[in-house]
Amino acid sequence: MKGRSRFAAVMIVAFSVLALGLYLWVGAKRAQLPGYGFMHEDGQQLAVNFGSHIVWLDAAGREQAAIDLAELDIVPVGDFGFFSDGDLLLYHRAERLSFWDNLAAFLRLRSTRTSGASSEDGFYRCELALERCQPLAQSEQYPARSFRLLLEPASDIIYLADTASHALYKLSPEGRELAKNDRDFRFPNQLLWHKGDVWLADTNHHRVVRVATATDQFGRERQAFTARLNGEYRWPHQLAADGDGMWVLIGNSAMAEGRLQLYSWAGEPLTALVLSGLTDPLAIYSWSKHLWVNDFAEPILLKVEPKTGVTERVESPTLARLSAQVRHDKHYLRRFEWLAIGLFGCVLFGGFAAAWILEKDQTRRRLKTLGESAVDMSSAGEIEPTGQRDIMWIASRIKWYHWWLARSCWVMAAAMLVILGVNYRSLISMPSIVWVSVGTAAFMAMAGVMATQLLASIAGAKLGVIGESLVLVSAKGARTIARGTDLAYSPQFIFAEGVAVALGNPQMRFWDEQALQRWVYPRLKAAQKLTGAQQTKRLWRLRHPQLMWPVALGAVMVLAALALKLYT
């Protein structure tokens with residue numbers, strides 16, 4: 001590669017990284033935009049959460065009051081509730097979720113967090129009339145991600161479903177733990193109070209459960225029914241009591257695009273409700289003879305007549321202002337998203353143009369091979385004399401930088417361990433992330449070993465021609481000369497007398513393709529053409545690295561997947 005070609009390659013990589021970085025930045029900013037949260041009844045009004053705001057609506061959807069908790073230095077996340085005296089219960093998270101928290105959420109790892117990300121994190125009790133919030137006196141629960149709350153009427157007993165830790169808690173009004181069940185549920189979600197009973201959406205067990213609330217039997221199953229609509233919608237996560245039964249919002253595997261289904265209290269499916277205007281329902285609440293539903297994808301709140309399905313859009317002045325701001329910000333970020341996509345398209349076009357201008361012959365050859373089907377190795381022409389008495393060796397296409405590509409896995413593994421060491425104090429409360437990161441680093445190190453060994457087996461092998469015969473030399477030094485029926489081949493390998501030489505993929509050879517077509521393929525006319533199964537059998541007999549290392553890596557991946565499944 002000449003100097004100008006190297007410069008063009010550097011510029012292509014730089015602008016590709018810039019486009020990718022811009023695209024990821026847009027995604028991160030979009031994820032930080034506020035949106036609708038959960039809803040709860042507060043006396044004769046419905047309290048609706050939107051970002052740091054709580055807005056109170058009457059039965060007609062008219063705004064009665066609003067508060068921005070950010071003005072009280074509170075960053076509310078997740079669910080909230082009201083004590084019998086009107087005080088507000090919420091969770092304050094002073095800092096955004098870290099990269100490691102988001103990684104744990106993406107991998108759906110079980111949380112074992114025992115402390116907040118900062119000293120200010122925790123449950124707070126807010127006296128709204130005085131605009132004053134104080135930490136819940138005896139609370140020691142710090143949900144790592146999503147959670148749901150339920151306050152028992154009159155007694156103010158708090159029920160907490162910590163989704164990521166698979167735990168259900170019973171707490172005193174001061175937050176002291178009275179009972180806990182972390183054995184029977186997987187990703188528990190919404191809690192519902194109905195006629196003295198507590199119901200729970202046990203999401204990853206695909207069921208809705210009525211649980212015991214007595215301290216000595218807390219969380220034990222009293223009744224349960226499966227909530228599935230078909231093979232795709234199997235994850236119930238939101239509940240709302242109705243006079244005829246219970247509305248259940250059931251999501252797909254991404255917990256999105258939920259479907260509403262009404263079940264009787266005995267668990268019999270009654271009615272499905274299709275809502276127009278919503279693409280990704282987030283929260284539901286049954287109040288004032290209507291079902292109130294908001295959307296995750298778009299800032300929309302609907303008031304639904306459940307028997308007819310007629311919807312009415314709710315937009316109080318505060319909610320309308322907040323929704324408009326979110327739409328404006330999304331539109332603004334969408335411009336940068338299209339800029340990133342456009343930049344990446346320019347990089348692709350510029351890269352092709354640079355390749356055509358600077359390396360025209362190589363580009364033509366590459367385009368030609370991409371448009372052609374694989375060469376029939378047994379009908380590549382007549383055997384041509386080499387014109388020399390000594391062995392003519394076929395040129396290898398393995399270059400020095402291929403070794404560095406293989407070793408880059410070790411660099412990534414080492415970098416991951418360094419990052420773990422630097423962030424160990426913040427990760428000590430998240431052992432699941434530590435183990436996954438260490439496991440990933442070990443996997444990358446093993447992948448580096450595999451890549452290096454495979455490259456060594458390719459680079460150390462030799463393929464030559466003498467007379468009408470082929471000369472095969474393995475990386476271990478085993479050598480044979482064979483011709484005609486003594487040879488066997490597949491599109492990826494040539495075999496002879498206990499030696500196998502890898503050719504590579506038909507579209508990406510380890511050897512010079514023109515030399516193969518001229519000197520090697522014609523000498524395979526009388527050779528045995530192997531099927532995939534026959535090739536695998538011969539490689540197994542030779543314990544060839546091209547087979548053994550992928551098998552070993554695959555086994556490790558299966559074991560790691562099983563361990564992760566059992567852990568989560």
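## Charges over rings

K462 sits over the face of W393, 4.1 Å from the ring centre. R538 lies over the face of F495, at 5.7 Å from the ring centre. Both contacts come from a predicted model.

## Aromatic pairs

The structure holds 16 aromatic pairs. One of them joins W25 and F336. Their ring centres are 5.6 Å apart and their planes meet at 75 degrees, so the pair is edge-to-face. The partners come from distant parts of the chain: W25 belongs to helix α1 (residues 3-31), F336 to helix α3 (residues 317-358), and 311 residues separate them. W25 has 37% relative accessibility and counts as partly exposed. F336, at 25%, also counts as partly exposed.

W199 and W265 form another pair, with centres 5.6 Å apart. Their planes stand at 50 degrees, so this pair is tilted. W199 lies in strand β14 (residues 197-202), whereas W265 lies in the loop between β19 (259-263) and β20 (269-273), 66 residues apart. W199 is buried, with a relative accessible area of 2%. W265 is buried as well, at 19%, because the cut-off for buried is under 20%.

## A four-stranded sheet

An open sheet of 4 strands runs in the order β5-β6-β7-β8, with antiparallel pairing. β5 (76-82) and β8 (132-135) are the edge strands. Each has a single partner strand, so one side of each lacks a neighbour in the sheet. The twist averages 30 degrees from one strand to the next.

Strand β7 (residues 122-127) runs antiparallel to β8, and 4 bridges join them. R125 stands opposite Q134 in β8.

Technical notes:
Residues numbered from 1 in each chain as written. Predicted model: local features only at pLDDT ≥ 70, side-chain atom pairs only at ≥ 80, totals over all residues. Heavy atoms only, no water. Pairing = 2+ DSSP bridges. Helix = DSSP H or I, 4+ residues; strand = E, 2+ residues; numbered from the N terminus. Axes fitted to C-alpha atoms, helices over the stretch in contact; angles between N-to-C directions. Phe/Tyr/Trp six-rings, centres within 6.5 Å; stacked < 30°, edge-to-face > 60°. Buried < 20%, exposed > 50% of the residue type's maximum accessible area, 1.4 Å probe, protein only. Lys NZ or Arg CZ within 6 Å of the ring centre and 35° of its normal.
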